Amino acid sequence: MNVFVTGGAGYIGSVCVEELIKAGHQVTVYDNLSEGHRSAVDSRAKFILGHPEKENDLRNAVLSTKPEAILHFAASTLVGESMTDPGKYFHNNVCNGLTLLNAAVEAGVKKFVFSSTCATYGPPDKVPMTEDLPQRPINPYGESKLMFEKMLNWYHQVHKLEFVAFRYFNAAGASEQFGEHHRIETHLIPNILKVPLGQSKQCDIYGTDYPTPDGTCIRDYIHIIDLAQAHMLALAPGKQGFYNLGNGDGYSVRQVIEMCEKVSGTKIPAIEKPRRPGDPPKLVAGADKAIRELGWKPQYPKLQDIVTTAWNWHKQHPNGYSD
Ligand code: UDP
């Protein structure tokens with residue numbers, strides 16, 4: 001298929017582009033490199049540099065590519081930042097997303113695959129969380145993704161645009177070639193691994209008074225190659241709707257630190273800090289729907305494998321990508 005990928009130079013997008021190319025698809029990456037890295041784009045993909053403030057560039061890029069499918073990864077994605085700069089989240093994730101959605105309809109795109117998030121649910125009434133739970137986000141990041149989900153649903157009803165929206169839990173791990181490098185790193189696993197890499201003396205635990213067994217937040221970590229595989233399956237005609245992507249297992253911040261110690265063979269001191277605003281205590285996926293309806297089968301469900309692939313990539317790329 002001819003596939004247009006926004007955010008294909010970012011962490012999840014880069015691995016998805018790699019898997020798309022392996023599967024024989026023809027890929028055009030559109031990325032403004034505000035978060036992504038040019039060297040994270042598979043050399044076999046066509047690359048278009050986006051300009052964040054020029055809406056027409058995005059529309060023109062879609063219309064000239066004439067893609068059969070769009071995979072939309074590009075977004076602002078940090079919970080903490082969204083609590084201090086909500087406007088950035090609504091502008092990028094909703095306004096720029098709408099430009100893309102209109103271009104998709106104009107270009108007659110057959111399938112739109114959207115990176116949504118478990119942050120659209122807010123703190124759940126029950127875990128594992130299924131797709132039918134009420135969505136009550138507690139931060140602007142989750143709210144902006146929920147707004148886009150709703151737009152997609154209306155575009156499906158009105159314009160017959162077929163879509164799959166994936167509600168990711170915590171993307172982690174790396175492929176051999178591509179891994180996680182944010183210019184300002186806020187995510188748990190890469191921050192912990194800075195200690196064995198010799199780049200930090202300790203890691204931080206944000207909150208030790210949550211209503212969880214060890215007092216730290218629980219998340220469901222999912223390997224990015226498994227996320228990418230779900231996107232391949234979503235491209236099949238007829239696949240449509242909202243799907244959680246996670247492993248159904250939750251690990252606390254302290255458990256993740258222990259796993260990083262085990263994998264790296266290094267003692268990792270941790271400093272207890274106050275809670276980070278906007279963080280729900282426990283998010284664990286029920287992903288049976290994706291397994292049942294898409295035929296999705298995670299290959300790397302174990303936290304040890306996820307952390308090991310991340311550690312291998314960081315050892316090879318201690319300073320991340322060069323650009
Ligand atoms: N966290 C932490 N220390 C860090 C980074 C994150 O304790 O240096 C916690 C964070 O508060 C959250 C969990 O780890 O409970 C996962 O955070 P991350 O930013 O990786 O993903 P999020 O769940 O926010 O998407």
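Proline 237 is exposed, with 8 other C-beta atoms within 10 Å. The cut-offs are these: a residue is buried if 20 or more other C-beta atoms lie within 10 Å of its own, exposed if 12 or fewer, and partly exposed in between, with C-beta atoms placed from the backbone. Proline 237 sits in the loop between H7 and strand S11 (241–245). Helices (H or I, at least four residues) and strands (E, at least two) are DSSP runs, numbered from the N terminus. In sequence, proline 237 and lysine 111 are 126 residues apart, yet their C-alpha atoms are 7.9 Å apart in space.

A word on the source. This is a predicted model, in which local features need pLDDT of at least 70 and side-chain atom pairs count only at pLDDT 80 or more, while totals for chains, interfaces and linings use all residues. Residues are numbered from 1 along each chain as its sequence is written. The protein averages a pLDDT of 97, and 100% of the residues score at least 70; pLDDT is the predictor's confidence in each residue, from 0 to 100. The scores for the model are ipTM 0.99 and pTM 0.97.

Back to H7. Nine of the 11 residues of this helix (residues 224–234) are buried, so H7 is largely enclosed by the rest of the structure. Among the buried ones are Asp226, Gln229 and His231, along with Ile224, Ile225 and Leu227.

Next, H8. This helix covers residues 253–264, and at 1.5 Å a residue its 12 residues should span 16 Å; the end C-alpha atoms are 16 Å apart, which agrees. The expected span is 1.5 Å times one less than the number of residues. Which residues of H8 are buried? They are Val253, Val256, Ile257, Met259, Cys260 and Val263. These cover an arc of only 160° around the axis, which puts them on the same side of H8. The arc is taken over the directions from the helix axis to the C-beta atoms. What do the buried residues of H8 pack against? Their partners are H6, S8, strand S12 (251–252), strand S13 (270–273) and helix H10 (303–316), where contact means C-beta atoms, placed from the backbone, within 7 Å. After H8 comes glycine 265, with a positive phi near 65°.

S8 gives the most, with four residues. In total 15 residues surround the ligand, and the closest are His187, Leu188, Asn191, Tyr206 and Cys217. A residue counts as near if its C-beta atom, placed from the backbone, lies within 6 Å. By type, the shell divides into seven nonpolar, four polar and four charged residues. Here Ala, Val, Leu, Ile, Met, Phe, Trp, Tyr, Cys and Pro count as nonpolar, Asp, Glu, Lys and Arg as charged, and the others, Gly among them, as polar.

Last, some backbone geometry. The peptide bond from valine 127 to proline 128 is cis, with omega near -10°. Proline 128 lies in the loop between strand S5 (111–117) and helix H5 (140–159).

Lysine 66 is not a glycine, but has a positive phi of about 50°. It is in the loop between helix H2 (55–65) and strand S4 (69–72). With 12 C-beta neighbours inside 10 Å, lysine 66 counts as exposed.

Lysine 160, also not a glycine, has a positive phi of about 65°. It is found in the loop between H5 and strand S6 (162–168), and is exposed, with 8 other C-beta atoms within 10 Å.

Methods:
Two residues are in contact if their C-beta atoms, placed from the backbone, lie within 7 Å.
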